[in-house]
Amino acid sequence: MLNTVVLMGRIAHTPEVKKGKEDKEFTVTSLAVPNGLDEKGEEKAMFVDIVCYGENQKAFDYVDTGDQVAVSGRLDLYTFIKRDGTTGYGTRVIVNNIEFGAKK
C-alpha cells in the first residue's frame, strides 16, 4: 500500500510546538496550497494541516508565515472531541521531508 502526499504552499500561520504522548514534542501549522480559480477568476487556496516531528521541526527556525515550502509525507485521518462533546474528524499530513521555497 502507498500513502504519499506531496504539497507546495505557503505557511499559513505561526507554527506551534505541542507535546503529545510521553511528552514527545511536535510542530503543527498549516499550508495554504493553491487550488485553482473561483467563479470570479481569483485564485483559491485550501488549507492543509501539517505535523512535523524530530529533525523536521528545525525547518521552522528558518521560515516565517507566508514563506513557501514543499512537504512530502503521509496523509493521516484522526478524530478528536469537540468542545460540545461530539466527535470531530480531521485530516493532516505527517511530514517526512520539508524543502524551502521562496520567501514571502
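Two strands count as paired if DSSP finds at least two bridges between them, the strands themselves being DSSP runs of E over at least two residues, numbered from the N terminus. The model is a predicted one, in which local features need pLDDT of at least 70 and side-chain atom pairs count only at pLDDT 80 or more, while totals for chains, interfaces and linings use all residues. Residues are numbered from 1 along each chain as its sequence is written, and side-chain values use heavy atoms, with hydrogens and water left out.

Strand E3 covers residues 25–37 and strand E4 covers residues 43–53; the two run antiparallel and are joined by 10 bridges. Within this pairing, Val-33 has Met-46 of E4 as its bridge partner. Five residues lie between the strands of this hairpin, and Gly-41 adopts a positive phi near 85° there. On the other hand, E4 also pairs with strand E6, residues 87–100, in the parallel sense and over two bridges, with Val-51 standing opposite Ile-94 in E6.

Rings of Phe, Tyr and Trp (for Trp, its six-membered ring) are taken as a pair if their centres lie within 6.5 Å, and planes under 30 degrees apart count as stacked, over 60 as edge-to-face and the rest as tilted. The structure holds three such aromatic pairs. One of them, formed by Phe-26 and Tyr-53, is tilted, at 5.6 Å centre to centre with 45° between the planes. This pair links distant parts of the chain, since Phe-26 belongs to strand E3 and Tyr-53 to strand E4, 27 residues apart. With buried meaning under 20% relative accessible area, exposed over 50% and partly exposed in between (1.4 Å probe, protein chains only), Phe-26 counts as buried at 15%, whereas Tyr-53 is partly exposed at 32%.

Tyr-62 and Phe-100 form another of the aromatic pairs, this one edge-to-face, with 6.2 Å centre to centre and 70° between the planes. Because Tyr-62 lies in the loop between E4 and strand E5 (68–81) and Phe-100 in strand E6, the pair ties together parts that are 38 residues apart in sequence. Tyr-62 is exposed, at a relative accessible area of 57%, and Phe-100 is partly exposed, at 48%.

Finally, a charge is said to sit over a ring if NZ of Lys or CZ of Arg is within 6 Å of the ring centre and within 35 degrees of the ring normal. The charged end of Lys-24 sits in this way over the ring of Tyr-53, 5.0 Å from its centre, and Arg-92 lies over the face of Tyr-78, 4.1 Å from the ring centre.

Note on methods: Helices (H or I, at least four residues) and strands (E, at least two) are DSSP runs, numbered from the N terminus.
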